[in-house]
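Here are my notes on the model you sent over, point by point. Have the structure open while you read.

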Amino acid sequence: MQSFIEGMPKAELHVHLEGTLEPEHIFELAQRNGLKLEYASPSEIVAAYDFHDLPSFLNIYYAAMSVLVTEQDFYELAYKYFQRAVQDNIVYAEPFFDPQAHTCRGVQFSTIINGIYRAQVDAEQNLGIKSQLIMCFLRDESLESAEAHFEMCLPHINKIVGVGLDSDEKDNPPEKFAPVFLKAREHGLKLTMHCDVNQKDIVGHLWQCVNDIQVDRIDHGINALEDSTLCDEIVKRGLGLTICPVSNQFVVQSLTASEIHEMLQLGIKATVNSDDPSYFRAYLNDNFLALQKEGAFSKEEITQLCRNAFEIAWVDDAQKNAYLNTLDNYLQDTLRAVY
Ligand code: ADE
Ligand code: ZN
């Protein structure tokens, strides 16, 4: 089962590039940019990772990313993720980035996006991994700030495929950002929003995503299971959910395996993702392996989770079919090896 999971071609649709910043890289960048760190070694940084809910994670996440300053820093951040992703047989990724968390420190929007874009181009050429970028707005910032960043993105609009919404969800509902998401849709972008596990008013937030914002995907979304009418609507619209098992474990002390089983049974297009793999110490294969251990998923269910990711990826039908064929070929090859 382990090699079956590890070898399977995969898409990753919920990974924050800033959440892939490894402690060794934090150290290296701090030194290069002349910034002082509170920690004496990368292992001291890891020892300080003490998350039990969303805000306790976000505090550390935003503090650490302040070492990202130059275009080269953003290039390296993204390129290192792609190098790590191909080890897990990820063939396609739609990573997030959080521009507001950098512009607030004086970093230019173009510095961030040009560095990431260059890494995407090089990673496709050198590593064979394709990717499309999603720009997230920080929901604990104002609508005006989100709109200003959307304006900054306009000269680079061809470098992103969609917009998302992340950061602290408490009292920051989807509807707060309806105008900027509407604008993004008018520019042909796809829409997704975080509905993190067990947040205040979460079922209401999910309904706002589905009915008011009319998102194309939902990030996390575990709590949809609390409302059968909502589940019916999610199935009817074929809405994909990007679930992050190890990330969930920090909040609900479970990899949410039983919820993922239930979603597959209902026909919800659930997928498995790593979220912030450097902080949660688990990249995509680690998430699948931990999930399988907790939930005893069959090969068919693991395959369905991977198939769902290609099906809900924001690529055209030809590209989607090519990925699904790659997956089918892998399954045929592994079956042939067994019999
Ligand atoms: N930013 C980075 N990771 C996040 C998460 N899991 N939820 C909300 N905002 C985030
Ligand atoms: Zn996330």
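1. Let's begin with how the chain folds back on itself. Take the contacts in the protein chain between residues at least 6 apart in sequence: 77% of them join residues at least 24 apart. Keep in mind throughout that this is a predicted model.

2. On the overall build, the protein chain has 17 helices and ten strands. Its radius of gyration is 19 Å, close to the 20 Å that the globule rule gives for 339 residues, so the chain is as compact as a globular protein of that length. Along the principal axes, the C-alpha atoms fill a box of roughly 60 × 45 × 40 Å. As for burial, 56% of the 339 residues count as buried.

3. Now the sheet with seven strands. It is open, the pairing is parallel, and the order reads S3-S5-S6-S7-S8-S9-S10. Strand S3 (96-97) and strand S10 (269-272) are the edge strands, and each pairs on one side only. For a close-up, look at S8 and strand S9 (residues 240-243): they run parallel and are joined by three bridges. Arg 217 is the residue that stands opposite Gly 240 in S9.

4. Two helices to look at on that sheet are H9 and H10. H9 packs on the sheet and touches strand S5 (133-138), strand S6 (160-166) and S7, with its direction at about 150 degrees to that of S7. H10 also packs on the sheet, where it touches S7 and S8; the direction of H10 makes about 170 degrees with that of S7.

5. H10 deserves a point to itself. Which residues of helix H10 (residues 202-213) are buried? They are Ile 202, Val 203, His 205, Leu 206, Gln 208, Cys 209, Val 210 and Ile 213. The buried residues of H10 pack against helix H9 (178-186), strand S7 (190-195), strand S8 (217-220) and helix H11 (228-236).

6. Gln 199 counts as buried because its relative accessibility is 13%, and the cut-off for buried is under 20%. Leaving aside neighbours within four places in sequence, Gln 199 is in contact with Leu 54, Glu 169 and Lys 170.

7. Asp 232 lies in helix H11 and is exposed, with a relative accessible area of 54%. If you want a distance to check, the C-alpha atoms of Asp 232 and Asn 287 are separated by 27 Å, and the two residues are 55 residues apart along the chain.

8. There is also a sheet of three strands. It is open too, with parallel pairing and the order S1-S2-S4. Strand S1 (10-12) and strand S4 (130-131) stand at the edges with a single partner strand each, so one side of each has no neighbour in the sheet. S1 and strand S2 (residues 90-93) pair in the parallel sense over three bridges, and the bridge partner of Ala 11 in S2 is Tyr 92. Helix H15 (residues 284-295) packs on this sheet, touching S1 and S2, and its direction makes about 105 degrees with that of S1. On the S4 side, S2 and S4 pair in the parallel sense over two bridges. Tyr 92 turns up again here, standing opposite Lys 130 in S4.

9. Next, a helix pair. How do helix H2 (residues 23-32) and helix H5 (residues 71-87) pack? Their angle is about 170 degrees and their axes are 12 Å apart. H2 and H5 are therefore roughly antiparallel to each other. On the H2 side, the contact is made by His 25, Glu 28, Leu 29 and Arg 32; on the H5 side, by Gln 72, Asp 73, Glu 76, Leu 77 and Lys 80. Sorted by class, the contact of H2 with H5 has two nonpolar, two polar and five charged residues.

10. Last, Glu 28, which is found in helix H2. Glu 28 counts as partly exposed, at 38% relative accessibility. Glu 28 and Gln 125 are 97 residues apart in sequence and, C-alpha to C-alpha, 26 Å apart in space.

Note on methods:
Residues are numbered from 1 along each chain as its sequence is written. Chains are lettered from A and ligands numbered from 1 in the order in which they are written. This is a predicted model: local features need pLDDT of at least 70, side-chain atom pairs count only at pLDDT 80 or more; totals for chains, interfaces and linings use all residues. Side-chain values use heavy atoms; hydrogens and water are left out. Buried means under 20% relative accessible area, exposed over 50%, partly exposed in between (1.4 Å probe, protein chains only). Helices (H or I, at least four residues) and strands (E, at least two) are DSSP runs, numbered from the N terminus. Contact means heavy atoms within 4.5 Å. Two strands pair if DSSP finds at least two bridges between them. Axes are lines fitted to C-alpha atoms, for helices over the stretch in contact, and angles run from 0 to 180 degrees between N-to-C directions. Angles under 35 degrees count as roughly parallel, over 145 as roughly antiparallel, 65 to 115 as roughly perpendicular and the rest as oblique. Ala, Val, Leu, Ile, Met, Phe, Trp, Tyr, Cys and Pro count as nonpolar, Asp, Glu, Lys and Arg as charged, and the others, Gly among them, as polar. The radius of gyration is taken over C-alpha atoms; the globule rule is 2.2 Å times the number of residues to the power 0.38.
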